[in-house]
Amino acid sequence: ASYTSIVSEKSVKEKGDKFGQDPIGTGPFQFERWRPQQETVMNAFDDYWGGKPKIAQFVYVVIPDSTTAYTAFESGDVDLIQVSDPDRLKKYKQNANLTIAETASLSTRFLGMVPKHAPLDNLKVRQAISHAINRKDISEGVSGGMSVLAKGPLAPGVKYFDPNLTQYAYDSAKAKQLLADAGFGSGFKVTIAAPNNERFTKPAVVIQENLKAVGIQAEIKTMETQAFLVGFRDYPLYVLAISWDPIPDPTLLVGYSSRGPMSKSADAQLDQMIMTASVTLDDGKRKDLFSQIQKRITDEALDVFIDNESFVYAMSKRVKGF
């Protein structure tokens, strides 16, 4: 993972907070330049310990608007792109000049709920929202079947994944009853924050309609990704994906421990469970602890776990070895 790669100690000490803008690491490519929200340019490092890279340079281009990004790819300005539009994917698969790469990801897309915003501090309200969301519509309608329904915070490919967790079936009537039991029979207003990416904005639209059906009036606020990551806790609901690791520790520490940079939970018991599991070495005990953690997260309806996406990339034929 990038956050555990070896970097130059001397450079880190000399550059301090500016290290991220001019990094020196140990990878096959050498940092050339970075223009925020525009591009990152990397040149081949000929003395790389693993052998000289096979391409001289790569440019990572930031194109926030998905339609513009697809147009750039189709015109040849971009050689490789992640595809989340099922209609585009169908077209690309029929194009003999393109190659498609697809794999199950370790990512779980979810609707996050921030308990510090009332009435999200009420378990019945969180359960109601969980029952109100038609996850199948998102997986099949939005993702075109490029995902499977999630069981909890961890994807099936992550170690200690537990499929036997509390599930919240799509049930508008039950959602309305839970809201009434919680004292919100007339509904309430909320804001759903989402990064400006169709992976999250499209599900947000479905969620907005699902919530409206049970009396919750939701406004969608989209924002640039970096701004979103800084300020998502300021909103009651948000759409995001979590987990890129084959072990559960980073995901659960980042998202559900009070020490995690993305945590919004004030659950002291869960916090202690995660910290205990992360320092336990016995594999059997770790499995049991992480199972208990997953169960508590779903029992408390801390988030609505939507689906586990597939990673799908399209590339020009000149791209090899991806």
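**View 1. Buried residues of helix 9 in the predicted model.** In helix 9, the buried residues are Asp249, Pro250, Thr251, Leu252, Gly255 and Tyr256, as seen in this predicted model. Because 6 of the 8 residues of helix 9 are buried, the helix is largely enclosed by the rest of the structure. The elements against which these buried residues pack are strand 10 (237-242), helix 10, helix 11 and strand 11 (303-316).

**View 2. The packing of helix 9 against helix 10.** The axes of helix 9 and helix 10 lie 10 Å apart, and the two helices pack at an angle of about 155°. Since an angle over 145 degrees counts as roughly antiparallel, helix 9 and helix 10 are described as roughly antiparallel to each other, and their crossing is left-handed. On the side of helix 9 the contact involves Asp249, Leu252, Leu253 and Tyr256, which meet Leu270, Ile274, Met275, Ala277 and Ser278 of helix 10. Sorted by class, the residues of this contact comprise 7 nonpolar, 1 polar and 1 charged.

**View 3. Ser257 in the loop between helix 9 and helix 10.** Ser257 is located in the loop that runs between helix 9 (249-256) and helix 10 (268-278). With a relative accessible area of 0%, Ser257 is buried. When residues up to four places away in sequence are not counted, Ser257 touches Leu252, Ser263, Asp271, Ile274 and Met275. With one of these residues, Asp271, the side chain of Ser257 forms a side-chain to side-chain polar contact of 3.1 Å. The C-alpha atoms of Ser257 and Gln269 are separated by 10.0 Å, the two residues being 12 residues apart along the chain.

View 4. Ser291 belongs to helix 11, which spans residues 283-299. Its relative accessibility is 15%, and Ser291 therefore counts as buried, the limit for that class being under 20%. A polar contact of 2.5 Å links the side chain of Ser291 with the side chain of Asp162.

**View 5. The crossing of helix 5 and helix 7.** Helix 5 (residues 135-142) and helix 7 (residues 198-213) have axes that come within 10 Å and cross at roughly 140°. That angle makes helix 5 oblique to helix 7, and the crossing of the two helices is right-handed. Here Asp137, Ile138 and Val142 of helix 5 meet Lys202, Pro203, Val206 and Ile207 of helix 7. The residues of this contact divide into 5 nonpolar, no polar and 2 charged.

View 6. His117 sits in the loop between strand 6 (108-113) and helix 4. Its relative accessible area is 19%, and His117 is accordingly classed as buried, since the limit for that class is under 20%. The side chain of His117 reaches the backbone oxygen of Arg233 at 2.8 Å. Leaving aside neighbours within four places in sequence, the residues in contact with His117 are Arg233, Asp234, Tyr235 and Pro236.

View 7. Leu123 is part of helix 4, which covers residues 123-132. With a relative accessible area of 30%, Leu123 is partly exposed. Apart from neighbours within four places in sequence, Leu123 is in contact with Asp299, Glu300 and Ala301. Although Leu123 and Leu302 are 179 residues apart along the chain, their C-alpha atoms are separated by 8.5 Å.

**View 8. Phe184 in the loop between helix 6 and strand 8.** The loop that holds Phe184 lies between helix 6 (172-181) and strand 8 (189-195). Phe184 is partly exposed, its relative accessible area being 26%. Once neighbours within four places in sequence are set aside, the contacts of Phe184 are with Pro119, Val125 and Leu179. Phe184 and Ile216, which are 32 residues apart in sequence, are 9.3 Å apart in space from C-alpha to C-alpha.

Technical notes. Residues are numbered from 1 along each chain as its sequence is written. This is a predicted model: local features need pLDDT of at least 70, side-chain atom pairs count only at pLDDT 80 or more; totals for chains, interfaces and linings use all residues. Side-chain values use heavy atoms; hydrogens and water are left out. Helices (H or I, at least four residues) and strands (E, at least two) are DSSP runs, numbered from the N terminus. Buried means under 20% relative accessible area, exposed over 50%, partly exposed in between (1.4 Å probe, protein chains only). A polar contact is a pair of N or O atoms within 3.5 Å; within protein, one must be able to donate a hydrogen and the other to accept it, and residues adjacent in sequence count only if both atoms are side-chain atoms. Contact means heavy atoms within 4.5 Å. Axes are lines fitted to C-alpha atoms, for helices over the stretch in contact, and angles run from 0 to 180 degrees between N-to-C directions. Angles under 35 degrees count as roughly parallel, over 145 as roughly antiparallel, 65 to 115 as roughly perpendicular and the rest as oblique. A crossing is left-handed if the near helix is turned anticlockwise from the far one by less than a right angle, and right-handed if clockwise. Ala, Val, Leu, Ile, Met, Phe, Trp, Tyr, Cys and Pro count as nonpolar, Asp, Glu, Lys and Arg as charged, and the others, Gly among them, as polar.
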